[in-house]
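I opened the coordinates today to look up helix packing, strand pairing and nonpolar cores. My notes follow in the order in which I checked things.

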Amino acid sequence: MTLAPEAELPDEQSLAIAARVREALARRRMSRQQLADRARISISTLEKALSGRRPFTLATTIRLEEALEQPLRAAASAPVAPVAGLAPEALGAYSRPAVTWLEGEYLTLRPSFEDPAAVYAYRTEIVWDDEASSLVFREAARQDAEFTQRGAVSLSNQSGHTYLITNELGQFRLIILGRPASGGEMYGMLTTLQVGQGSHLTPAAAPIALVPLRRVAQPAFGRVGPDAAAYGDYRAALDRVTDKGFARFFAG
């Protein structure tokens with residue numbers, strides 16, 4: 001039976017096409033808006049089809065095949081298996097080859113919450129986790145080791161930002177990083193809970209910088225004060241967050 005162009009495809013086939021489109025976007029590092037523009041369809045139509053809220057039509061599928069220059073319906077005829085090396089859609093549906101540039105160890109800098117004049121420094125490692133099928137991050141060399149964080153890494157094709165997400169029993173800590181500079185440095189904002197007196201926790205935000213550790217000759221960790229040799233470079237890195245517009249902080 002020949003389908004009319006506006007006929008909706010069966011749910012099983014639509015879900016399979018959605019999986020192939022997400023994989024293609026991740027491998028090409030193309031945003032959904034870019035694909036919608038190339039396929040001459042609305043971003044709303046694409047988003048609803050990819051999320052499963054609306055089936056693909058034959059006409060939409062043909063336009064996507066032309067935009068991506070690859071068949072989607074033939075690939076969808078077979079059962080869809082999980083794609084190895086492809087992150088979940090909730091984390092950006094990125095492929096491992098597309099994010100190898102992000103893997104590595106970073107010197108992580110933020111203001112000290114206890115001493116406003118100091119910079120707090122520790123190490124963050126970003127690696128691919130096969131079991132999670134995504135990038136994950138792990139912190140180390142923290143002076144307050146009991147607050148060492150680990151979690152998932154999300155990448156947004158639309159905004160170009162990288163998110164380091166900790167979720168422990170519904171309690172979140174979030175780092176939002178802008179596109180990397182020429183040397184691989186990333187700058188952005190940390191949102192977390194600051195420990196106060198007793199068990200009191202207060203929401204807090206601060207600038208943060210991640211510098212590839214290979215670019216730091218003699219890294220210093222812990223609370224780095226104005227008298228330390230590394231302080232000038234550390235403070236300059238943090239100042240770039242606001243000076244270069246990587247994040248904005250608004251006072252009520």
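At what angle do helix α2 and helix α4 pack, and how far apart are their axes? I find that α2 (residues 32-39) and α4 (residues 58-68) pack at an angle of about 105°, with axes 8 Å apart; the axes are lines fitted to C-alpha atoms over the stretch in contact, and angles run from 0 to 180 degrees between N-to-C directions. I therefore note α2 as roughly perpendicular to α4, a label that covers 65 to 115 degrees. Helices here are DSSP runs of H or I of at least four residues, strands are runs of E of at least two, and both are numbered from the N terminus.

Before going on, I record that this is a predicted model, in which local features need pLDDT of at least 70 and side-chain atom pairs count only at pLDDT 80 or more, while totals for chains, interfaces and linings use all residues. Residues are numbered from 1 along each chain as its sequence is written, and side-chain values use heavy atoms, with hydrogens and water left out.

Returning to the helix pair, I listed L35, R38 and A39 of α2 against R63, L64, A67 and L68 of α4, contact meaning heavy atoms within 4.5 Å. I then looked up D37, which also lies in α2. D37 counts as exposed because its relative accessibility is 51%, the cut-offs being over 50% for exposed and under 20% for buried, with partly exposed in between (1.4 Å probe, protein chains only). D37 and A67 are 30 residues apart in sequence, and I read 8.9 Å between their C-alpha atoms.

Next I turned to the strands, which pair if DSSP finds at least two bridges between them. Strand β5 (residues 162-168) runs antiparallel to β6 (residues 171-177), with seven bridges joining them, and I165 stands opposite L174 of β6. Two residues lie between the strands of this hairpin, where L169 takes a positive phi near 55°. On β6 I also found four bridges to β7 (residues 186-195), again antiparallel, with L190 of β7 as the bridge partner of I175.

Last, I checked the nonpolar cores, sets of buried Ala, Val, Leu, Ile, Met, Phe, Trp, Tyr and Cys residues joined through side-chain atoms within 4.5 Å. In the largest, which has 21 residues, Y94, L102, L135 and V153 touch the most other members. β2 (119-129) is among the elements giving two or more residues, and with four residues β2 gives the most. A second, separate core of 20 residues includes L25, I41, A49 and L58.

How values were computed: Angles under 35 degrees count as roughly parallel, over 145 as roughly antiparallel, 65 to 115 as roughly perpendicular and the rest as oblique.
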